[in-house]
Amino acid sequence: TYTTVKSTYTLSSGMVTIYIKDSTAQTITLSATSAGPKSGTSGIITINPAGVNSYVVTSHSPQTAGTGWSEVVTGKDASNNTVTNDSSTVITMTNTGAASFYTDGTYTTVKSTYTLSSGVATIYVMDSTAQTITLTATSTGGKSGTSGVITVNPGAIASYTINAHTPQVAGT
């Protein structure tokens, strides 16, 4: 049931079954030691991450309206390990403002879906409206993640508008 932690075992007919649970994706070895001293070590055991449970979406703020930037979406399992063994899950990006998503850093082709590569996807965003937004990544099965708030500031002054009231009276 993996509810009681135990680090000592007693051999029965020269053998024992041990139960191990590791929530961290990593490589491990197991060692057994008894009085004498007698010991043994296992070969390397690889603990892979489980499937995607949620997403972490970075949020670099502030940004400038009309200028593109990139963010990273990372697939995480239920134990918060990056799902490095996933290079096929498709995520759909949405936002709370007027931002658009693009295929790459040229910001010419609009795209709202990305595929994880070793559990990660780089997304390309541009918003021409000064506002605050959040970005959300979702995939099948209701898995999602939302960025922090990103402030999109106005760009540099490009022109001026001058209101002309006409006619006017000379000398006034």
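A residue is called buried under 20% relative accessible area, exposed over 50%, and partly exposed in between, with a 1.4 Å probe and protein chains only. By that scale Tyr19 is exposed, with a relative accessible area of 57%, and Tyr2 is partly exposed at 48% relative accessibility. The structure is a predicted model, in which local features need pLDDT of at least 70 and side-chain atom pairs count only at pLDDT 80 or more, while totals for chains, interfaces and linings use all residues. Residues are numbered from 1 along each chain as its sequence is written, and side-chain values use heavy atoms, with hydrogens and water left out.

**Aromatic pairs**

- The structure holds three aromatic pairs, where rings of Phe, Tyr and Trp (its six-membered ring) pair if their centres lie within 6.5 Å, and planes under 30 degrees apart count as stacked, over 60 as edge-to-face and the rest as tilted.
- The ring centres of Tyr2 and Tyr19 lie 6.2 Å apart with their planes at 75°, so this pair is edge-to-face.
- Both Tyr2 and Tyr19 lie in the segment before strand S1 (26-28), so their pair ties together parts that are 17 residues apart in sequence; strands (E, at least two residues) are DSSP runs, numbered from the N terminus.
- Tyr102 and Tyr107 also form an edge-to-face pair, at 5.6 Å centre to centre and 75° between the planes.
- Tyr102 is buried, with a relative accessible area of 11%, and Tyr107 likewise counts as buried, at 18% relative accessibility.
- Tyr102 and Tyr107 belong with Tyr124 to one aromatic cluster.

**Strands and sheet**

- An open sheet is formed by four strands in the order S10-S8-S13-S14, with antiparallel pairing; two strands pair if DSSP finds at least two bridges between them.
- Strand S10 (113-115) and strand S14 (143-146) stand at the edges with a single partner strand each, so one side of each is left without a neighbour in the sheet.
- Neighbouring strands of this sheet are turned by 25° against each other on average, direction ignored, the axes being lines fitted to C-alpha atoms, and angles in general running from 0 to 180 degrees between N-to-C directions.
- Within the sheet, strand S8 (residues 90-95) runs antiparallel to strand S13 (residues 135-139) and is joined to it by four bridges, and Thr92 has Thr138 in S13 as its bridge partner.
- Elsewhere, four bridges join the antiparallel strands S2 (residues 31-34) and S3 (residues 38-41), with Ser34 standing opposite Lys38 in S3.
- S2 and S3 form a hairpin with three residues between them, and Gly36 in the turn has a positive phi of about 135°.

**Nonpolar core**

- The largest nonpolar core has 21 residues, of which Val73, Ile91, Met93, Ile123 and Leu135 touch the most other members; such a core is a set of buried Ala, Val, Leu, Ile, Met, Phe, Trp, Tyr and Cys residues joined through side-chain atoms within 4.5 Å.
- At least two residues of this core come from each of strand S5 (54-57), S7, S8, strand S11 (120-126), S13 and strand S15 (150-153), and S11 gives the most, with three residues.
- Not counting residues up to four places away in sequence, Leu135 touches several residues, including Val57, Met93, Phe101, Ile123, Val125 and Ile150, where contact means heavy atoms within 4.5 Å.

**Surroundings of Thr89**

- Thr89 is found in the loop between strand S7 (69-76) and S8.
- Leaving aside neighbours within four places in sequence, Thr89 is in contact with Tyr55, Tyr114, Thr115, Leu116 and Ser139.
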